[in-house]
Amino acid sequence: MEMNEVFLKLEGIKKSFGGVEALKGVDLEIKKGEIHCLAGENGCGKSTLIKVISGAHDATEGNIYIEGKKIEHLNPIDAIRLGIQVIYQDFAVFPNLTVAENIAMNRALMTGAKKMDWKKARELAVMAMEQIGAHMNPDILVERLSVANKQMVAICRAIINDAKLLILDEPTTALTAKEVDKLNIIIRRLKAKGIAIVIVNHKLDEIYGIADKLTILRNGENVANGGIEEFDRTRFIKDLTGRDIVETTYRPEKSTEEILRVERFTRNGAFEDVSFVLNKGDVLGITGLLGSGRSEIGDALFGLAPAESGKVFLNEKEISIKSIEDAMNHKIGYVPEDRLTQGLFLDRSIQDNTVAASISKYLIKGKLDHAKMYEVTKEWIKKIGCIAPSPNPDIRTLSGGNAQKMVIAKWLNTEPKLLVLNGPTVGVDVGSKSDIHMILHDLVKAGVGIIIISDDLSELIQNCNKIMIMKNGKASGMLEAATLNETELTHLLSGKKEDNNE
Amino acid sequence: MNNKIKNVLTSNEMIVAYIIIGLSILIGCVNSAFFGVSTLVSLSRSMLVMLIFAVCEMVVIISGGIDVSFPAVACISLYATIRFMLASGIDSPLFAFAMAAVIGISFGAFNAFLICKMKIPPLIATLGVSSVANGGTLAFLGTKEISNIPEHVDKLSQIFIFTYTNAGGIKYSLTVLFLIPVIVCIGAYIILKYTMLGRGIYAIGGDKNAARIAGFNVTKIQFIIYMTVGCFAGIGGMTYMILMRQASPQVLMGSEMMVIAAVVMGGARITGGHGSVFGTILGVGLITLVQNNLIMLGVPTHFQTLVVGLIIVIGISITSLRAKKIANSAKV
């Protein structure tokens, strides 16, 4: 197979939905055996572009060429026949079916089979897994698999359908660093076979690790396109956001005024004997691997799953947190890990979401003061830099970054003394991420205690001055962020350094 | 391999089987007459109609839906058919089953239309159709019980596969109608396991959206499911009428909950995607066993409903605890 052959060429693709232009003339060229990253902030038109390529949307204007041939009208079945396969973020696998069946099913459907051939399904599955170097029991149900292995199933399914172009939509969101490495190995294998690969991603570090080429979309246009070596961090962020974002590092003024002190905090099976102090001006980062107890500390401080023993002092007064109500009475706010299921009422308006934690403030003589709630929400939208037309639309319509800003606004509206944020910028675009960090810095200046629980190490190093590492439910050290870099922190996290010392 | 055996031994089906065995031993200890061909024959006869319904309900539940309209559909099918046959003088078993099936299919199509096209949740849609069917029967066809079943149709209840005579000279006969659930079970097993349609039913129950992306025609499959269920509701209704030798417009109403309980106890998850014919047979077997034989254990009639209820609650708790355990178990 000729490697430098162009597989897919898009020329001046435009797509509008009811007068709104989602794509304003995108050009894209993807060669066989090329790993091409597509980056862009939420709402830049990435998903629309993928849907055009996969035939789910018809382009309003523009030309599509596949292997040099102009395609007049691309529908999803044609796209699959031509070898275009998309792996969506949720993988679209069937949890209740076996690995073999999941892998073989699409192909059986494509060939119009009426009978289910179990033997053939297993053979196909084993063959596909061999090709990418995955090892799974073909008879196990997919619901028993980890996220990374579910993704492998989706990749296997794509390649047995003779994929020539594989599009991966944000494939690393739910993967650990190790799993990302493994995925990259598989992607390189596919590349060696001459398969063109498009990866949608906006994490620069990961893009550097894998991509040959990079295309950046902004507001429906491609603003940058070139070999990965042409992009450095500053240019990437500038092209992505269209503005100069200075990555600041937070260094507080020293203070001895104590906001929070936790002593010998313990909940069986979650964390044990955890103690720390948060002074005024401090931003405390808590990190650790999944299951290390980092999230559970946040849950305990907010009374979601209260600690069984230990003491908590807020402004040097001992408090007891046995329920969420207790935590809220003591003016503790919590931005939970999963914004969609724990942080938001997706089908309610922005206004309802913003006042949700402080609704009692607007209850006047048994009646809710809607006018006031509207005004307050409007103010918060402005103050927190959320892009929303008014407080009325469902919060579901906001992008991840904007929705997260409103989750934070909800807690700020309760005038908290302590705000615990668990994964505050997961699934948030670079621009909003930097906005959220600025908001946090302002809050610290105003005297609010901030705890950030995260596995995004560069985020912690930039925004915290103290970092506590959790390991198997125990705090394994409190570090000054100023003395750390990301590599060191990674080693500490996985415990390599310590093992060496012993 | 060891793991495989362990998985089979602790599967939902086997748990129900253990309960059945345990209960049988208990009943057998109290009344040794329990162990014998006679029990098997009478159990088979009692399970007959419920099994037809349960297998159909299982298919609906696997697809992620639910159907509570089948008793009403069965009633209207049997009652309308018999009224029509009496009025027109037709006397043919084949016609009786065919007409009941056609009425059933049309109600099934109505269900599917509401669910697929009007996007009404299955529970609400079939609840509505249930009322329409039941109300329609009472309003337009009357409330009288009919016992003058056309001769040839009625005769069917007297044809037996085999007859067993016990030591005391009492005859136990297994009706030929028992072949209907046997065919339904075998058919359902083959379709679910070895056809793309069957796998599509599981796929829809697992993830409807993924099924659509994979290329299944979800609407078509749902229409097939609900229409088939309607068809067998009609046939099941007719079977029941022949067994009872009496047509009554409301007789099956209320049986849906017991059928759903049997299906769920047999390992089908109410959230869809899981279920097996074998499990459903065991589920129906257990409920029938309890309903029919508690009296042998000396449980007073009034307590029987309570005991049936308890067994359902316990059985379903085990099923759902297992599902939860799988969800929380370490991923590979």
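Buried means under 20% relative accessible area, exposed means over 50%, and partly exposed is in between (1.4 Å probe, protein chains only). I note that this is a predicted model, where local features need pLDDT of at least 70, side-chain atom pairs count only at pLDDT 80 or more, and totals for chains, interfaces and linings use all residues. Residues are numbered from 1 along each chain as its sequence is written, chains are lettered from A and ligands numbered from 1 in the order in which they are written, and side-chain values use heavy atoms, with hydrogens and water left out.

**Entry 1: around A:Glu34**

I placed A:Glu34 in the loop between strand 2 (20-31) and strand 3 (35-39) of chain A. Helices (H or I, at least four residues) and strands (E, at least two) are DSSP runs, numbered from the N terminus. Next I checked polar contacts. Such a contact is a pair of N or O atoms within 3.5 Å; within protein, one must be able to donate a hydrogen and the other to accept it, and residues adjacent in sequence count only if both atoms are side-chain atoms. The side chain of A:Glu34 makes one with the side chain of A:His36, at 3.0 Å. A polar atom of the A:Glu34 side chain also lies 3.3 Å from the backbone nitrogen of A:Lys31. Leaving out residues up to four places away in sequence, I found that A:Glu34 touches A:Glu29, A:Ile195, A:Ala196, A:Ile197, A:Asp212 and A:Lys213. Contact here means heavy atoms within 4.5 Å.

**Entry 2: strand 8 of chain A**

How many residues of strand 8 (residues 196-200) of chain A are buried? I got 5 of its 5. In a regular strand the side chains alternate between the two faces of the sheet. Here A:Ala196, A:Val198 and A:Val200 are buried on one side, and A:Ile197 and A:Ile199 on the other.

I then looked for pairing; two strands pair if DSSP finds at least two bridges between them. Strand 3 of chain A pairs with strand 8 in the parallel sense over 4 bridges. A:Leu38 has A:Val200 as its bridge partner. Strand 7 (residues 165-169) of chain A also runs parallel to strand 8, joined by 5 bridges. There A:Leu166 is partnered by A:Ile197.

**Entry 3: an exposed glycine**

I found A:Gly68 in the loop between strand 4 (61-66) and strand 5 (69-71) of chain A. Buried or exposed? A:Gly68 is exposed, with a relative accessible area of 65%.

Strand 1 (residues 160-165) and strand 2 (residues 171-175) of chain B pair in the antiparallel sense over 5 bridges. B:Tyr164 stands opposite B:Tyr172.

**Entry 4: where the chains meet**

I counted 24 residues from chain B and 24 residues from chain A in the contact. B:Met196, B:Arg199 and B:Val332 supply 30% of the area that chain B buries against chain A, more than any other three residues. Buried area is the accessible area (1.4 Å probe) that two parts lose on being put together, summed over both. I found 2 salt bridges between the chains. A salt bridge is a side-chain nitrogen of Lys or Arg within 4 Å of a carboxyl oxygen of Asp or Glu. One joins A:Glu101 and B:Arg199 (2.4 Å, N to O).
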